[in-house]
Every structure is written in structure tokens, then in C-alpha cells.
Amino acid sequence: MPKAVLFDLDGVIVDTAKHHFIAWRALARELGFEFTEQDNERLKGVSRMDSLTILLEVGGLTLPEDKKNALAAKKNDQYVKAIKQMDASEILPGVTDFLKALKEAGIKVALGSASKNAPIILNQIELYDAFDAIVDGNVIKKAKPDPEVFLKGAELLGVAPQDCVVFEDAQAGIQAGKNAGMYVVGVGDANVLTGADDYVSDLSEMTLERLK
Ligand code: G16
Ligand code: MG
């Protein structure tokens, strides 16, 4: 049985990708081009500034650093307004029950997210206190697929990487978990994701029995 479980946030605990998409698309339109849902797939698990770089690449634009910082801040303002409307009803299927089962079994849980807005989201959905450790975009220096986010989580929990299981919906995140030497469960379409040790479509398919 693992001693700790580390969860990605967007795509595993809640679906904030739609809010990111709406804000990025609004920015693209302001800049004079379309940004599609398919383009948005490339931003999953990617940091805010790297997301902007991809978006500008889609629009064929090259901009100076100060302009890029201003655009990222503008997108974030719109995104934060949206996530401040979120509530516990947006927690994805199976999450609450699985977190409860882990707690009862004495298995520690941490959050490992690229998002700088993770604390706001966790407060909105009333899950902030459900985690023994929170590692997010405010603390990490190296983006997924670097293992930093998950290694830091394991360290804060005092658990060896080989005793940790990671739940991830993004390809870069699955790679980060494997790079950390952890067992990785891909969340989403097993025909699209690769490199994980197991796959579920959402956490309602996960039980303590299966985790063993
Ligand atoms: C999430 C999203 C990414 C987003 C990133 C940074 O990562 O999947 O699309 O770009 O956070 O978000 P923010 O702009 O809020 O700092 P994760 O790791 O939770 O899937
Ligand atoms: Mg994710």
C-alpha cells in the first residue's frame, strides 16, 4: 500500500481548464486571432507564462517581455474572477469519497499543481484542509515534466518517492511523476495519455483496493 497520494489539481480535482480557456480565448480575440479548444489542449499542466508563449505562437505574434507580463496579468484577472465563482459542486466525480477513504486509511495526501491560483480554488471548493501539504506554482521553480513539484510534496509529507502515487491528467504531469520515481495513475482517456502505470477516466473508478 502506498504511504502518500499526490494529486494534480486542474483536470483531476476540478475542471478549471474551461475557465482558463475562456480567459485565454478572450485575450487572443483582443489580439486579433482565434484560439480554439484544440489549441487549449496544449496548455494543460503548463505554467501561465509558458501558456502565453504557446498562445502567441498560435497567433504568430512575438512580443517584448513587458507586454507579455501585462497580457498574462490581464488573463489572470479574468480567470481569477471566474474561479471566485466556483463552489464545491464543481469537485470532479469520486474525489470527495476517495479523499475520505485515504484519510481513514491513514494515507497522506498532497496537492501538486502548476497553478499559482491553487489556494483560491481549494478554498472555493472547500478542500483546502483536506490536504496535508500543498505544492503549487507559487513554490516550484521548474515546471512539469520536471519532478520538482512531486518530490517537494513527498518531502513535505516525509514519504519516500517510491511510496507515493501520483494522479495526473496532463502528459507533462505523468512524465513529472515518473521522473520523480513514483507510481503514476493517468486520469482521462487511456488512448490519448501515455507513460502512466494505470489509467482511470475519473476518480470514481479508484478504490483503496485498486490502489494497493
Ligand atoms: C494548471 C493548468 C494549466 C495552467 C497552470 C497555471 O495546472 O492545467 O493550464 O496554465 O495550472 O495556472 P495559473 O495561471 O493559475 O498559475 P495543474 O498543474 O493544476 O493541472
Ligand atoms: Mg492537470
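1. Which residue in β4 stands opposite Val5? Val165 stands opposite Val5 in β4. Before going further, a word on what we're looking at: this is a predicted model, where local features need pLDDT of at least 70, side-chain atom pairs count only at pLDDT 80 or more, and totals for chains, interfaces and linings use all residues. Residues are numbered from 1 along each chain as its sequence is written, while chains are lettered from A and ligands numbered from 1 in the order in which they are written.

2. The sheet first. It is an open one of 6 strands, ordered β3-β2-β1-β4-β5-β6, with parallel pairing. β3 (133-135) and β6 (198-200) stand at the edges with a single partner strand each, so one side of each has no neighbour in the sheet. From one strand to the next, the twist averages 20°. On terms: helices (H or I, at least four residues) and strands (E, at least two) are DSSP runs, numbered from the N terminus, and two strands pair if DSSP finds at least two bridges between them.

3. Now strand β1 (residues 4-7), which has a partner on each side. It runs parallel to strand β2 (residues 108-112), joined by 4 bridges, and parallel to strand β4 (residues 164-168), also through 4 bridges. Leu6 is a handy landmark here: its bridge partner in β2 is Ala110, and in β4 it stands opposite Val166. Both faces of β1 are covered, with Ala4 and Leu6 buried on one side and Val5 and Phe7 buried on the other. Buried means that 20 or more other C-beta atoms lie within 10 Å of the residue's own; exposed means 12 or fewer, and partly exposed is in between, with C-beta atoms placed from the backbone.

4. On to the helices. Two packed helices are described by the angle between their axes and the distance between the axes. Helix α1 (residues 17-31) and helix α4 (residues 65-83) pack at about 140°, and their axes are 9 Å apart. Axes are lines fitted to C-alpha atoms, for helices over the stretch in contact, and angles run from 0 to 180 degrees between N-to-C directions. The pair is therefore oblique (under 35 degrees is roughly parallel, over 145 roughly antiparallel, 65 to 115 roughly perpendicular, and the rest oblique).

5. Two residues on helices are worth a click. Ala23 is in α1 and counts as buried, with 20 C-beta neighbours inside 10 Å. Ala23 and Lys74 are 51 residues apart in sequence but 8.9 Å apart in space, C-alpha to C-alpha. Thr96, in helix α5 (residues 95-104), has 17 such neighbours inside 10 Å and counts as partly exposed. Thr96 and Ala130 are separated by 34 residues in sequence and by 9.3 Å in space, C-alpha to C-alpha.

6. Ligand 1 is surrounded by 20 residues, and the closest are Asp10, Arg48, Ser113, Ala114 and Ser115. The cut-off for near is a C-beta atom, placed from the backbone, within 6 Å. By class, that shell has 5 nonpolar, 10 polar and 5 charged residues (Ala, Val, Leu, Ile, Met, Phe, Trp, Tyr, Cys and Pro are nonpolar, Asp, Glu, Lys and Arg charged, and the others, Gly among them, polar).

7. Last, the backbone. Most residues other than glycine have a negative phi, and most peptide bonds are trans. The peptide bond from Lys144 to Pro145 is cis, with omega near 15°, and Pro145 lies in the loop between β3 and α7 (148-157). Glu126 is not a glycine, yet it has a positive phi of about 60°. Glu126 sits in the loop between α6 (118-124) and β3 and counts as exposed, with 12 C-beta neighbours inside 10 Å.
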